[in-house]
8 protein chains.
Amino acid sequence: MNPDRIKRLLEAVAAGERSPDDALRDLADLPYSDLGFAKLDLHRELRNGLPEAVFGEGKELADLKAIVERLVQAHGRALVTRLGPDAGAELASTLPEAVFHERARVLTCGRGALLPGAIAVLAAGTSDLGVAEEAAVCADWFGHPVERCYDVGVAGLHRLLGNLPALRRADVVIAVAGMDGALPTVVASLVPAPVVAVPTSVGYGSSFGGLAALLTMLNACAPGIGVVNIDNGYGAAVLASRIVRGRTPIRTTP
Amino acid sequence: MNPDRIKRLLEAVAAGERSPDDALRDLADLPYSDLGFAKLDLHRELRNGLPEAVFGEGKELADLKAIVERLVQAHGRALVTRLGPDAGAELASTLPEAVFHERARVLTCGRGALLPGAIAVLAAGTSDLGVAEEAAVCADWFGHPVERCYDVGVAGLHRLLGNLPALRRADVVIAVAGMDGALPTVVASLVPAPVVAVPTSVGYGSSFGGLAALLTMLNACAPGIGVVNIDNGYGAAVLASRIVRGRTPIRTTP
Amino acid sequence: MNPDRIKRLLEAVAAGERSPDDALRDLADLPYSDLGFAKLDLHRELRNGLPEAVFGEGKELADLKAIVERLVQAHGRALVTRLGPDAGAELASTLPEAVFHERARVLTCGRGALLPGAIAVLAAGTSDLGVAEEAAVCADWFGHPVERCYDVGVAGLHRLLGNLPALRRADVVIAVAGMDGALPTVVASLVPAPVVAVPTSVGYGSSFGGLAALLTMLNACAPGIGVVNIDNGYGAAVLASRIVRGRTPIRTTP
Amino acid sequence: MNPDRIKRLLEAVAAGERSPDDALRDLADLPYSDLGFAKLDLHRELRNGLPEAVFGEGKELADLKAIVERLVQAHGRALVTRLGPDAGAELASTLPEAVFHERARVLTCGRGALLPGAIAVLAAGTSDLGVAEEAAVCADWFGHPVERCYDVGVAGLHRLLGNLPALRRADVVIAVAGMDGALPTVVASLVPAPVVAVPTSVGYGSSFGGLAALLTMLNACAPGIGVVNIDNGYGAAVLASRIVRGRTPIRTTP
Amino acid sequence: MNPDRIKRLLEAVAAGERSPDDALRDLADLPYSDLGFAKLDLHRELRNGLPEAVFGEGKELADLKAIVERLVQAHGRALVTRLGPDAGAELASTLPEAVFHERARVLTCGRGALLPGAIAVLAAGTSDLGVAEEAAVCADWFGHPVERCYDVGVAGLHRLLGNLPALRRADVVIAVAGMDGALPTVVASLVPAPVVAVPTSVGYGSSFGGLAALLTMLNACAPGIGVVNIDNGYGAAVLASRIVRGRTPIRTTP
Amino acid sequence: MNPDRIKRLLEAVAAGERSPDDALRDLADLPYSDLGFAKLDLHRELRNGLPEAVFGEGKELADLKAIVERLVQAHGRALVTRLGPDAGAELASTLPEAVFHERARVLTCGRGALLPGAIAVLAAGTSDLGVAEEAAVCADWFGHPVERCYDVGVAGLHRLLGNLPALRRADVVIAVAGMDGALPTVVASLVPAPVVAVPTSVGYGSSFGGLAALLTMLNACAPGIGVVNIDNGYGAAVLASRIVRGRTPIRTTP
Amino acid sequence: MNPDRIKRLLEAVAAGERSPDDALRDLADLPYSDLGFAKLDLHRELRNGLPEAVFGEGKELADLKAIVERLVQAHGRALVTRLGPDAGAELASTLPEAVFHERARVLTCGRGALLPGAIAVLAAGTSDLGVAEEAAVCADWFGHPVERCYDVGVAGLHRLLGNLPALRRADVVIAVAGMDGALPTVVASLVPAPVVAVPTSVGYGSSFGGLAALLTMLNACAPGIGVVNIDNGYGAAVLASRIVRGRTPIRTTP
Amino acid sequence: MNPDRIKRLLEAVAAGERSPDDALRDLADLPYSDLGFAKLDLHRELRNGLPEAVFGEGKELADLKAIVERLVQAHGRALVTRLGPDAGAELASTLPEAVFHERARVLTCGRGALLPGAIAVLAAGTSDLGVAEEAAVCADWFGHPVERCYDVGVAGLHRLLGNLPALRRADVVIAVAGMDGALPTVVASLVPAPVVAVPTSVGYGSSFGGLAALLTMLNACAPGIGVVNIDNGYGAAVLASRIVRGRTPIRTTP
């Protein structure tokens with residue numbers, strides 16, 4: 001999986017510095033850190049450009065603390081998503097330099113080096129703010145400049161049109177919307193940037209927990225939209241980050 | 001159900017002109033015409049303001065002909081929906097004064113007296129034209145002035161905005177859309193008239209036969225929208241007709 | 001969007017009273033009030049005939065208070081829906097002239113000028129009262145005369161038939177029903193007014209949170225019905241209000 | 001499974017007329033006729049009161065012929081459901097005494113002895129006639145008096161109310177309806193007989209192949225309704241037959 | 001709706017004892033008791049053979065008490081379903097002669113006169129007992145002899161087969177099952193009585209709140225089954241009661 | 001069902017040691033223990049190779065205690081699944097030798113004799129551990145050697161590939177995964193052992209409570225996978241146990 | 001992926017017989033045969049114990065012929081599933097030794113060496129025969145002894161019970177059923193072998209293309225069942241083959 | 001919408017070159033070409049970077065020809081998707097320079113100028129080729145270099161791993177997969193480029209027309225994936241094109 005490392009290993013075998021049996025064992029020596037209850041994927045940044053994030057929901061505080069400390073030790077930063085207010089506050093108090101973003105339900109330690117690529121995060125209504133903030137906080141932690149643009153749903157089209165200049169400046173737009181989920185369609189019809197659409201579970205009965213907004217986005221009559229899971233602000237930020245880094249080789253070594 | 005008729009009957013009983021037993025039988029004498037295979041509801045216009053229409057799909061041509069002739073005899077006009085091109089052409093050729101509207105899949109005989117109330121019919125895309133035409137032809141047959149405004153979906157917002165003056169003139173707007181079904185939301189946010197939303201079964205895979213557009217419309221973040229069944233142009237026309245006739249008493253007798 | 005205002009602006013430019021650059025800025029000066037966490041759409045009444053309402057669920061009390069005060073300042077009245085009993089009572093106690101309607105979960109400040117158009121609100125069962133009251137309280141706040149007619153489901157058809165005179169007087173009927181959702185169909189078959197159908201999430205297992213009633217209403221064999229979202233009493237009131245105001249120009253200026 | 005036969009067998013063993021080994025084999029001697037490709041359940045009438053019927057769809061004509069002949073030989077009658085017009089006509093021509101009921105898609109040979117219990121079969125619309133006829137033809141073949149009452153959907157309530165006397169005479173009512181499926185609810189609220197509800201796959205888009213009508217019937221606000229599968233006229237007839245035979249012991253031996 | 005009463009009224013009009021105008025008003029005099037928040041359907045027993053029952057869920061205790069007292073006054077008995085343990089105990093303590101059946105979540109006052117027709121109530125597993133008890137308690141309150149037969153699911157077929165004699169004695173079988181819902185199919189294949197199938201919401205993930213069991217029952221390969229709503233023990237009891245009373249005229253007057 | 005016992009009974013009848021009537025009663029003497037509220041299936045081990053387990057959810061503690069004691073008395077061991085932490089701790093404290101496995105939500109008494117067949121239990125993520133532990137604890141209690149392999153989801157393929165040797169040693173693999181549920185597909189493409197796939201209800205919005213993972217597993221492009229219900233670790237263990245015992249006759253008697 | 005081959009390669013590098021660069025290229029030399037439009041996975045048998053099969057639906061005849069010939073050349077046998085009657089007959093005529101099994105829609109060339117492990121294939125009804133035959137023909141082609149047992153659905157329980165001895169002889173049972181899908185539950189409660197359940201798309205309306213049967217099987221109250229996709233007879237055969245081969249090491253080399 | 005044009009207009013008004021009334025009309029002069037039955041959005045390229053494409057399904061040949069000719073006249077190129085083989089061949093024969101790509105069901109006229117950004121198109125199985133080709137042909141027509149990589153599904157992981165170098169070269173990866181839809185998850189875990197996931201409607205029963213693959217992709221445990229509609233190869237190409245053009249300003253004017 002890591003050609004350089006495999007090649008160096010093969011060269012060591014060729015040079016007699018390492019026996020075939022040892023080399024075979026080396027190949028099985030996997031690049032993760034085993035905490036017993038979890039295997040941290042420390043090479044993910046190498047493969048995918050972003051270090052592994054922690055899904056906080058349902059994990060015990062002690063486990064979370066151990067994972068975060070191990071990640072900070074390895075990467076100098078860590079990100080935990082889906083943290084309730086109590087767990088978030090508690091965890092932040094026991095970890096130096098940790099910040100808990102309550103509305104986003106995200107805890108961050110450190111931050112990535114500044115990356116190019118401006119990301120605009122739109123929210124259709126005030127009820128979609130939590131998911132939008134999750135996307136914005138994560139994108140900021142990755143290192144991207146983020147511009148927030150909230151309460152711009154299509155029920156008041158002038159609010160969206162009034163923010164067109166900001167949208168046109170963005171390299172990628174994350175559009176978060178519940179209920180009818182029509183915002184990404186309209187955005188994609190107005191700007192040339194790719195649109196990452198995030199349905200939220202906000203709405204009356206037949207929104208069916210975000211299904212209505214999800215289907216609207218998948219069926220958008222304006223193309224250029226990539227849809228992520230319901231309420232998945234983090235996933236939207238990762239996709240946006242990959243998009244703006246797309247043309248920048250990140251695997252180069254000097 | 002018809003107070004006048006019941007009262008006249010009771011007066012006849014009081015006057016000894018009709019025995020109680022006969023009156024009881026009269027009350028059971030129902031206002032429909034039994035063709036054997038169908039019971040035509042000839043008093044529907046009295047109750048609901050519009051004569052019964054015929055759902056053409058799956059009916060035999062001979063049966064359709066008999067029904068239409070009976071309705072024309074009773075009301076001076078008839079309307080058949082959901083007719084395939086072959087059945088429509090054949091039926092039109094055997095009925096004097098019948099017109100078959102192929103794109104709408106509707107056959108009309110006669111037309112209602114001119115009614116007040118302007119109805120605008122919008123279609124999001126060219127694939128929605130069939131359903132939009134069904135709505136427009138039916139509304140026209142009911143007697144209303146109809147303004148068509150097609151291919152104005154939100155993927156090209158300026159096409160819709162360019163038709164705003166026409167929309168503002170309408171007393172009710174019928175908005176027909178498949179795929180993401182976002183058109184009615186945007187229309188309802190721009191004009192004060194009630195919007196009748198018609199989802200169509202047009203779209204790629206996850207439109208699920210119009211379900212996506214249906215859910216979008218039910219979850220519209222702009223209120224003022226009444227949704228009818230998928231592809232149900234006729235139902236939209238009836239609702240629109242009821243809406244514009246709402247303030248005009250149609251049951252008054254001199 | 002507001003032709004008069006744009007024309008006056010253009011005239012000012014022609015008269016040299018305003019520079020092109022200033023005019024461009026004016027056009028970008030959007031008709032909403034930005035509270036930071038929300039953008040209030042103060043021109044909505046101009047566009048749609050009704051001022052913006054506030055969806056209370058999930059909003060913080062302090063935010064709600066700020067929004068309501070801003071709306072009362074701009075319009076002289078405000079409406080908040082989906083308020084729990086505790087939040088509603090608390091909010092009502094801090095806002096002068098506010099009334100909290102507990103069963104409807106609605107808070108009102110002030111009321112619109114009396115509008116023409118009688119609205120009948122029907123509820124099929126006693127469990128549907130909350131949603132029906134939301135519709136009735138909102139319609140009343142808009143300024144319409146409202147007639148309530150509750151517990152008239154089709155399981156006791158005579159209860160509905162006994163209220164036919166009241167139904168015939170209405171310009172529009174809002175029919176609220178859970179379980180089988182059959183009430184709107186029967187109502188639409190008996191009266192000529194348009195019927196706004198509201199499915200509720202009331203029912204045993206396979207009602208699937210109101211889906212059964214929703215599908216019944218969309219598939220009603222009697223046409224003339226516009227369906228709104230599950231439990232959406234507010235949306236039904238807006239649609240009913242648009243319907244009865246349909247023929248009355250509301251944009252005229254002296 | 002058949003206590004009398006087991007007891008007689010045990011008595012024969014006790015009397016030394018049959019060895020234990022033979023008795024064991026007897027118990028394994030199963031009451032079905034194996035045609036190779038199908039095992040006909042010839043004792044079903046003994047267990048359930050009605051002989052096995054044949055589901056015609058997808059079966060080859062030759063197989064159907066062999067099955068029917070074997071059933072007629074065993075019971076003196078046979079019933080095949082879900083037969084297309086071509087297969088039905090062809091099969092009827094090769095079997096003496098067979099009658100093909102085209103609208104019902106049912107083929108019958110012979111008929112059961114007259115049974116007590118009047119069954120009323122209702123159809124909401126003319127498009128539901130096929131399924132209603134399947135129920136009516138099957139119930140008639142079982143031996144029950146059947147009263148048909150078609151095109152009595154709730155869109156014209158007076159048509160249903162006009163047939164109330166006939167409904168009150170029935171021991172059980174089969175109510176067949178597509179679209180909104182509201183007919184069984186209204187019937188069950190008007191008569192004391194049990195109602196067998198049959199949803200049909202008739203309707204516009206969001207009927208979802210009968211799902212809407214099915215859910216309506218399951219959620220009927222008037223109790224006393226038993227629902228069978230979509231388009232399953234045969235199943236409705238079997239349930240109705242079991243109901244009217246319920247109080248008549250059919251297993252008695254002199 | 002009540003021919004005798006209408007005829008007597010007509011005779012009074014013919015005899016000059018009542019004016020046509022008064023008679024018209026009489027016809028509008030509906031047979032229900034209006035408590036303001038609810039319209040009790042006191043003639044339901046006349047129409048359907050069983051007095052109205054009260055759905056307890058979501059109703060306030062004071063309202064429930066008023067309703068029950070009015071029903072006891074009119075009929076000498078009352079039935080409330082879907083009562084939580086606290087509400088049930090409290091209500092039972094304030095109403096003389098009331099009994100709260102905790103597992104069934106049902107409160108009864110009085111009991112119907114003994115009716116013919118034996119009803120067997122089966123439950124597949126111990127988790128289905130609540131729904132089965134709701135059916136059994138209601139059927140008992142209607143006046144029918146009830147035989148309970150619990151924990152006889154098809155995972156231990158011998159438990160069911162061991163109860164066959166009891167099943168064969170029943171005039172109707174109510175089969176309650178969650179998870180795979182296979183019990184009614186097997187029962188219907190073994191006995192000739194009609195089977196009322198009640199799916200329950202018991203089960204692992206993909207039971208989807210009883211949907212899996214519901215679909216199984218609707219698709220039962222053994223006919224003779226009528227399905228009611230998920231967890232609807234009361235509805236099953238009403239259907240069973242209608243079935244066993246089917247042949248006994250209940251409207252006769254001396 | 002038990003030929004030997006039936007044959008012995010028949011021989012006793014033949015020998016005059018037992019009358020036919022007594023023998024008939026004997027045949028009805030079923031192999032279960034009736035506790036009143038439950039019928040324990042004590043012969044299940046004989047039929048299926050594993051004793052009956054107890055589904056703990058929703059059962060009262062006293063009932064659970066009685067059932068467990070009866071099972072321990074009959075089989076020397078017992079297993080309760082789906083126990084909350086409070087109920088589990090309490091039950092464990094009152095039963096000698098009982099162990100409560102909190103993460104697995106399983107209580108065990110005793111353990112089966114060591115059986116052949118190595119079972120590997122895989123979990124895709126740390127949130128799937130509860131279900132995986134349920135499978136592992138149950139399989140261990142049945143008597144099988146179990147190897148756990150957690151946090152090996154396909155988002156870090158090298159973690160899975162690094163455990164291939166362990167997977168190749170297993171006779172059957174249980175693969176537990178939520179979210180996209182892709183783990184079993186990849187496992188089945190890499191090893192020849194049968195794979196038991198367990199979807200979990202873990203995930204963001206459109207996982208729909210495990211439906212997404214369930215469908216993925218059913219549609220796996222690599223064959224050799226048997227799917228069990230969502231979150232059903234116990235069911236997976238039973239299937240795995242049947243698979244590894246498949247070739248070992250368990251019904252032999254000396 | 002193939003440790004032996006990797007080790008030999010490393011030894012060649014250590015011996016200087018192969019340069020590190022060449023070895024790196026060797027590791028990329030993948031074990032599949034690229035036909036341009038398809039990449040045949042020729043090492044699948046090594047990994048999974050069974051050679052790759054061909055999914056025939058939608059493939060062109062010429063492509064199928066090329067693929068089969070390449071597979072026969074590599075493995076001496078080939079298997080094509082989901083072939084229509086015309087394509088199957090045509091393909092069989094052009095390939096020597098090919099046999100087309102029409103009912104199973106399967107084409108076979110050659111057959112695997114006899115493997116241990118008896119597989120019983122059950123079909124609930126005659127309409128399920130096609131899918132059952134697909135499973136049986138594939139299992140036979142893999143090399144296993146297969147026993148067919150058709151038309152043994154639970155609507156006639158004695159037909160199933162009469163085949164118990166055959167079921168008890170099987171090492172694994174494949175149970176194919178449409179409609180209610182109850183067969184696997186009952187089978188799993190009667191025999192100790194693992195049961196592979198295959199839902200079919202056979203049934204009336206609410207079977208929803210096999211969804212009802214699928215859910216029944218996933219929710220089976222008798223554990224020990226592994227479910228495969230709807231109509232997927234081939235997948236069932238593969239799982240059954242893996243199960244019976246489970247204890248037989250297939251990777252051993254002398 | 002176009003600030004430059006508005007500003008120039010305002011300057012003309014200020015200069016007296018244009019009256020306010022004329023300017024108002026100018027603002028309503030919309031940038032589309034009205035063919036009567038369709039309104040071509042000729043400015044879409046300006047707004048979104050790509051000219052409007054034509055959805056061919058359901059459109060008449062003559063209409064298609066007119067639309068294509070108008071687009072070629074305006075842009076020098078045109079693209080029609082979803083064309084059946086007959087319509088495609090016929091249309092290609094009447095339009096000079098048109099090419100019909102049969103497997104992709106796409107017709108192209110001309111091609112965009114070469115754009116930067118390498119797009120890799122992956123297909124999991126041979127049955128997914130049609131959708132993959134739609135994506136590849138469209139992306140090529142837009143002007144991007146495209147690398148195809150087919151039949152690399154996860155059932156043979158080495159086929160995918162063998163193509164890793166090509167994947168690593170791509171700026172964006174389009175991954176097309178039916179059945180379990182697991183390919184994008186695995187790809188996103190291996191490369192840092194953004195992944196556009198396209199579910200296809202290929203698969204056995206419970207794929208439900210692509211729903212299974214769609215849900216898998218939305219729930220992918222590896223982030224960095226944007227999902228488009230089922231079978232929507234064109235939409236994937238548009239999103240990919242927007243992504244690779246993301247950093248290249250396309251609105252600049254000299």
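Between which two elements of chain D does the loop with D:Phe208 lie? I looked this up first. D:Phe208 lies in the loop between β10 (195-199) and α10 (211-218) of chain D. I kept in mind that this is a predicted model.

**Entry: two residues with positive phi**

I checked the backbone of D:Phe208. Its phi is positive, about 45°, although D:Phe208 is not a glycine. D:Phe208 has a relative accessible area of 28%, so it is partly exposed. The range for that class runs between 20% and 50%.

I turned to F:Asp151 next. Phi of F:Asp151 is near 65°, again a positive value in a residue other than glycine. I found F:Asp151 in the loop between β8 (146-150) and α7 (157-161) of chain F. Is F:Asp151 buried or exposed? Its relative accessible area is 9%, so F:Asp151 is buried. The cut-off for buried is under 20%.

**Entry: chain A as a whole**

I looked up the make-up of chain A. I noted 11 helices and 11 strands in chain A. Chain A has 254 residues, and buried residues make up 61% of them. I also looked at contacts along the chain. Of the contacts in chain A with a separation of 6 or more, 65% are between residues 24 or more positions apart.

**Entry: chain A against chain B**

How is chain A superposed on chain B? I found a rotation of 180° with 0.0 Å of shift along its axis, and the RMSD is 0.1 Å. That is the relation of a two-fold axis. I then compared the interface residues. Of those in chain A, 100% are also interface residues in chain B, so the copies meet through the same surface.

**Entry: a strand residue in chain B**

I located B:Tyr150 in strand β8 (residues 146-150) of chain B. Its relative accessibility is 12%, so B:Tyr150 counts as buried. I also looked up a distance. B:Tyr150 and B:Pro184 are 34 residues apart along the chain, and their C-alpha atoms are separated by 13 Å.

**Entry: a strand residue in chain E**

I moved to E:Ile225, which lies in strand β11 (residues 225-227) of chain E. At 6% relative accessibility, E:Ile225 counts as buried. Which residues does E:Ile225 touch, not counting residues up to four places away in sequence? From chain D I listed D:Val227, D:Val228 and D:Leu239. From chain E I listed several, among them E:Pro184, E:Thr185, E:Val195 and E:Met217. E:Ile225 and E:Arg77 are 148 residues apart in sequence, and 31 Å apart from C-alpha to C-alpha.

**Entry: a helix pair in chain E**

At what angle do α6 and α11 of chain E pack? Helix α6 (residues 129-142) and helix α11 (residues 233-244) pack at about 40°, with their axes 7 Å apart. α6(E) and α11(E) are therefore oblique to each other. Their crossing is right-handed. On the α6(E) side, I noted contact residues including E:Val131, E:Glu134 and E:Phe142. On the α11(E) side, they include E:Gly233, E:Tyr234 and E:Ser241. I sorted the contact residues of α6(E) and α11(E) by kind: eight are nonpolar, two polar and one charged.

**Entry: the helix pair in chain D**

How values were computed:
Residues numbered from 1 in each chain as written. Chains lettered and ligands numbered in written order. Predicted model: local features only at pLDDT ≥ 70, side-chain atom pairs only at ≥ 80, totals over all residues. Heavy atoms only, no water. Axes fitted to C-alpha atoms, helices over the stretch in contact; angles between N-to-C directions. Helix = DSSP H or I, 4+ residues; strand = E, 2+ residues; numbered from the N terminus. Parallel < 35°, antiparallel > 145°, perpendicular 65-115°, else oblique. Left-handed = near helix turned anticlockwise from the far one by under 90°. Contact = heavy atoms within 4.5 Å. Nonpolar A, V, L, I, M, F, W, Y, C, P; charged D, E, K, R; others polar. Buried < 20%, exposed > 50% of the residue type's maximum accessible area, 1.4 Å probe, protein only. Least-squares fit on C-alpha atoms with pLDDT ≥ 70 in both.
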